[in-house]
Amino acid sequence: MELGEEISNFLKSELNLESIELDACQADHPEWDSLSYFRIIAALETKYGIEITLENINKFNSITNIIHEIQRQKNNRWLL
């Protein structure tokens, strides 16, 4: 399964949505409120082994940004 599809399915489940577009962002879905935002980022941190910090926490407000941040962190691990 492609990462975008995986994140989309994850958000559908977390937000109790029937569907979500790959270009969706937090502003598009009232269900994606501040409480669910923190629940989502905590789950992503565990699921993908990424680190969410004060510097990158605001990057988890859209599917595209989530994908880019997961890929960035995974690529950085290979460089270490």
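E18 is exposed, with a relative accessible area of 80%, where exposed means over 50% relative accessible area, buried under 20% and partly exposed in between, using a 1.4 Å probe and protein chains only. E18 belongs to the loop between α1 and α2, and its C-alpha atom lies 16 Å from that of I63, a residue 45 positions away in sequence.

The model is a predicted one, in which local features need pLDDT of at least 70 and side-chain atom pairs count only at pLDDT 80 or more, while totals for chains, interfaces and linings use all residues. Residues are numbered from 1 along each chain as its sequence is written, and side-chain values use heavy atoms, with hydrogens and water left out.

**Overall form**

The protein has three helices and zero strands, and its pattern along the sequence reads α-α-α; here helices (H or I, at least four residues) and strands (E, at least two) are DSSP runs, numbered from the N terminus. The radius of gyration is 12 Å, close to the 12 Å that the globule rule gives for 80 residues, so the protein is as compact as a globular protein of that length. That radius is taken over C-alpha atoms, and the globule rule is 2.2 Å times the number of residues to the power 0.38. Along the principal axes, the C-alpha atoms fill a box of roughly 40 × 30 × 20 Å.

Of the 80 residues, 36% count as buried. The accessible surface comes to about 5200 Å², and 51% of that surface belongs to carbon and sulfur atoms; such areas come from the Shrake-Rupley method with a 1.4 Å probe, and for residues only the protein chains shown count as cover. Among contacts between residues at least 6 apart in sequence, 46% join residues at least 24 apart, a contact being heavy atoms within 4.5 Å.

The protein carries 7 positive and 14 negative side chains, and the centres of the two sets lie 7 Å apart. In this count Lys and Arg are positive and Asp and Glu negative, with His and the chain ends not counted, and the place of a charge is taken as NZ of Lys, CZ of Arg, CG of Asp or CD of Glu.

**The core and the residues around it**

The largest nonpolar core has 21 residues, and those with the most contacts inside it are I7, L11, L44, F60 and I66. The elements that give two or more residues to this core are α1 (3-15), α2 (34-48) and α3 (63-79). A nonpolar core is a set of buried Ala, Val, Leu, Ile, Met, Phe, Trp, Tyr and Cys residues joined through side-chain atoms within 4.5 Å.

Leaving aside neighbours within four places in sequence, F60 is in contact with W32, Y37, I41, L44, I50, I52, I66 and E69. E69, a residue of helix α3, is in contact with N56, K59 and F60 when its neighbours within four places are likewise left aside.

**The loop between α1 and α2**

N16 and H29 both lie in this loop. N16 has a positive phi of about 55° although it is not a glycine. Most residues other than glycine have a negative phi. With neighbours within four places in sequence left aside, H29 is in contact with L17, I20 and A24, and its C-alpha atom is separated by 31 Å from that of N76, 47 residues away along the chain.

| Residue | Relative accessible area | Class |
|---|---|---|
| N16 | 72% | exposed |
| H29 | 15% | buried |
| E69 | 2% | buried |
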